[in-house]
Amino acid sequence: MGNRVSVSLSSLQSYGDVPSVIDHCRATLPPARGPVSEWVSSTLSRPPGRCFAVPEAEDDPFLGDDSALALYLLYELHYRGIAGVDDEWEWAPQLLAARAEIERRVLDRLRDAVPQQDEVDDVVGKLQALIDDDQGPGLSRFCEHDATWEQMREVCMHRSAWQLKEADPHTWALPRLGGRPKAALAEIQRGEYGNGVERDVHQHLYALTLALMGLDTRYGFYLPQLPGVTLATVNLASLFGLHRSWLPAMVGHLAAFEMSSVAPMAAYSAALRRLEAPQDACHFFDVHVVADAHHERVAAEDLVGGLIGQQPASAPMILWGAEVLMWSEREFATHVLTAWRDGQSSLLRAAAPEHMEIPEAALV
Ligand SMILES: [Fe+2]
Ligand SMILES: [Fe+2]
């Protein structure tokens, strides 16, 4: 069993504090939610080797609670790994083949939801129009004016799936790019990783926000409570990032991500101020208002513009990646707002563990 370390509440209290080794621990396998996540859990609980064929999904292959969790766990093998799961599973051929089957279902679903255009000109202009014309459900606007403290905590729990690994999925694209778009992505990522200063890594600033809202800062802690529609937003970036064939979609995803960030980030910061959260809890959002005003220009002009200059034929896929991002974010926001309108939590009922013991060997 090995040595175990007891976990206590986060020590993050103010800007400048950095997460501890405990915060960087691996996620543990959450309870399964259906046949596909059950198949993943039972497979990963065994020593690496052969695995059974992946079962048919009984829910939406992209947004469903079961299917999205299954893919999220398979992708997590490429990030920090999962506590108690042998790292050799990451490149086990049969598991990769099974993941490819799950990804095929996801891509069919995405193409169905957001058809890709055959030809696209003026991609940067179309990306800007996509952002400007977005008639999303307005989750950040609702939060700015109306959300309760508990609802803001819910939003922050949802977003922990993305923000505690923020920028990592996009980093997969770096070695796949060359020249101007590579330099542009490096410039964006430099900011995401705190310009080399540990306390300013955006993932760390988000952990501080969680701590000051009385939430748990550990990576993957809220996984059991996150619905498929939340995990799907992360899976989308992992899907595009891990496949070189989807590099233009990744670039479009990142560009739209940066170009649509400033107003929502300002709204979330305003929401926390309205609710009298500690100033340092707002810092993560305030930083993005400034940083993403820069990132959106670099992403549009040099990342997208640079890739188009090198590969004009990539234009339709760049736009598609952006459109899929916007669609998945609308699905997420609609889910949250619908649950709240019905007087319910937008999280799954599964309770996060109050106390978690982590094998020392799982620490990274
Ligand atoms: Fe960021
Ligand atoms: Fe950014």
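Leaving aside neighbours within four places in sequence, S11 is in contact with D17 and S20, where contact means that the C-beta atoms of two residues, placed from the backbone, lie within 7 Å. This is a predicted model, in which local features need pLDDT of at least 70 and side-chain atom pairs count only at pLDDT 80 or more, while totals for chains, interfaces and linings use all residues. Residues are numbered from 1 along each chain as its sequence is written, and chains are lettered from A and ligands numbered from 1 in the order in which they are written.

S11 is found in the loop between β1 (4-5) and α1 (35-44). Helices (H or I, at least four residues) and strands (E, at least two) are DSSP runs, numbered from the N terminus. With 13 other C-beta atoms within 10 Å, S11 is partly exposed; a residue counts as buried at 20 or more such atoms, as exposed at 12 or fewer, and as partly exposed in between. D23 is twelve residues from S11 in sequence, and their C-alpha atoms are 9.9 Å apart in space.

The protein chain is divided into domain 1 (4-113 + 354-362) and domain 2 (123-341), with bounds from an automatic or database domain assignment. The centres of the two domains, taken over C-alpha atoms, are separated by 21 Å. Their contact takes 34 residues from domain 1 and 29 residues from domain 2. On the side of domain 1 that touches domain 2, α2 (65-76) and α3 (93-113) are the elements that give two or more residues. The largest share of that side, seven residues, comes from α2. By class, the side has 20 nonpolar, eight polar and six charged residues. Here Ala, Val, Leu, Ile, Met, Phe, Trp, Tyr, Cys and Pro count as nonpolar, Asp, Glu, Lys and Arg as charged, and the others, Gly among them, as polar.

Two packed helices are described by the angle between their axes and the distance between the axes. The table concerns helix α4 (residues 123-132).

| Helix pair | Angle | Axis distance |
|---|---|---|
| α4 and α11 (residues 247-259) | about 50 degrees | 10 Å apart |
| α4 and α13 (residues 279-310) | roughly 135 degrees | within 10 Å |

Axes are lines fitted to C-alpha atoms, for helices over the stretch in contact, and angles run from 0 to 180 degrees between N-to-C directions.

The contact of α4 with α11 is made by L127, Q128, L130 and I131 of α4 and A255, A256 and M259 of α11. These residues divide into six nonpolar, one polar and no charged.
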